[in-house]
Amino acid sequence: MPSSAARAAAALCAAALVLGPAAPAYADPGGSPDWSVAPSTGDGPRAPKDGRPAFYAEGAPGTVLRDTVSVSNPGPKPRTVSLRGADADDTGSGALSVASAKERPTETGAWIRLARRRLEVPPRTRAEVPFTVTVPEDAVPGDHPGAIVASGGGRTVGVRLHLRVGGPTLPALTVERVKVDQDAGRITYDLVNRGNTVLSPKLAVHAEGVLGTLLDRPARPLPIELMPGRRVSLSEPWPDVPALDAAEVRLTATAPGGARDTATASARFVPWGAVAGGAAALLALAGGALHLVRVRGRRRGSEVPEPEAGPERECERAQQPGSARELAEAGTREEP
């Protein structure tokens, strides 16, 4: 009897071509059908698109997991398709992405071994390609997303692999760097997956102003899948921010498994345009008043008042020539 390892090797090296109805595929701009890739549904007439949307696998460290991927060619010509395993990751906005063919996989993609990496699929045929996922002995428990990527005929498609390594799991989530952008009318924030499971978070938003509630949005699902250890930067629209107020903004994020966190930020809304206009008017008014005060001061300084009469003034008058002559005449005048 051959050993189990020998049987596994033989199964892995075999790529079966299954004749029969091929999976419906995307159409190119010319209207001709194109190839598709999907998890295998096994033998039978059922098309792969009616089966599993992705690969789901779970095993302890050291486990070898097996599955099959289907490549369907419903067209009239043969198709050459290349297959590879790839690591899955988040983009900065939370969308799922896979590494390019030039990047060497370092995690889940490196654990995938395909029986065929390149194959030619005859017309109106579905090819079944077995593959294995070998979980390393030192793999960290939790979720390890990956993908099987197929390329050919100028297009690239992929099928997700949801792999969970056995062991303790910890869903954990934090909300960080909350800010209110008044000009853009939005609230920006970061979500960070601090656990070891993929999270599908929900977000609730509440803002309280001086005179009451400004914003109250119940928890709603976010269109992202947050990978373990990853950070994404997101924003929440707030187009009707108040013109003048002070608010306390609170974001609450939750996810299945009990993950939950809350973060707050303070915001002051000031109509700086109106404030600047009012300040300019006040400055102009103050400048006009100062100018008026200065003009009045100059006018008062140019008008010198006549000194009041006194002994000194009488002496000055007595010393004048006309006054002396009048005194002399008065002294020589004879009395009758």
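This is a predicted model: local features need pLDDT of at least 70, side-chain atom pairs count only at pLDDT 80 or more; totals for chains, interfaces and linings use all residues.
Modeller: Residues are numbered from 1 along each chain as its sequence is written, and side-chain values use heavy atoms, with hydrogens and water left out.

Biologist: What makes the contact of Asp34 and Arg155 a salt bridge?

Modeller: A salt bridge requires a side-chain nitrogen of Lys or Arg within 4 Å of a carboxyl oxygen of Asp or Glu. For Asp34 and Arg155 the N to O distance is 3.7 Å, so the pair meets that definition. The search of the whole structure finds 13 salt bridges.

Biologist: Why does the pair of Asp34 and Arg155 tie together parts that are apart in sequence?

Modeller: Asp34 lies in the loop between β1 (16-19) and β2 (36-39), whereas Arg155 belongs to strand β12 (residues 155-165), so the parts tied together are 121 residues apart in sequence. Strands here are DSSP runs (E, at least two residues), numbered from the N terminus.

Biologist: Which salt bridge involves Arg164, and why is Asp143 called buried?

Modeller: Arg164 meets Asp143 in a salt bridge of 2.7 Å, N to O. Buried means under 20% relative accessible area, exposed over 50%, and partly exposed in between (1.4 Å probe, protein chains only). Asp143 has 15% relative accessibility and therefore counts as buried. Arg164, with a relative accessible area of 30%, is partly exposed.

Biologist: Is Asp190 buried or exposed, and what of Arg177, buried or exposed?

Modeller: Asp190 has a relative accessible area of 3% and is therefore buried. The value for Arg177 is 55%, so this residue is exposed. The side chains of Asp190 and Arg177 meet in a salt bridge at 2.5 Å, N to O. That pair links strand β14 (residues 186-193), which holds Asp190, with strand β13 (residues 173-181), which holds Arg177. A network of salt bridges links Glu176, Arg177, Asp190, Arg194 and Arg231.

Biologist: What is the order of the 3 strands in the open sheet, and what makes β13 and β17 edge strands?

Modeller: The order is β13-β14-β17, with antiparallel pairing. β13 and β17 (231-237) are the edge strands, since each pairs on one side only.

Technical notes:
Helices (H or I, at least four residues) and strands (E, at least two) are DSSP runs, numbered from the N terminus. Two strands pair if DSSP finds at least two bridges between them.
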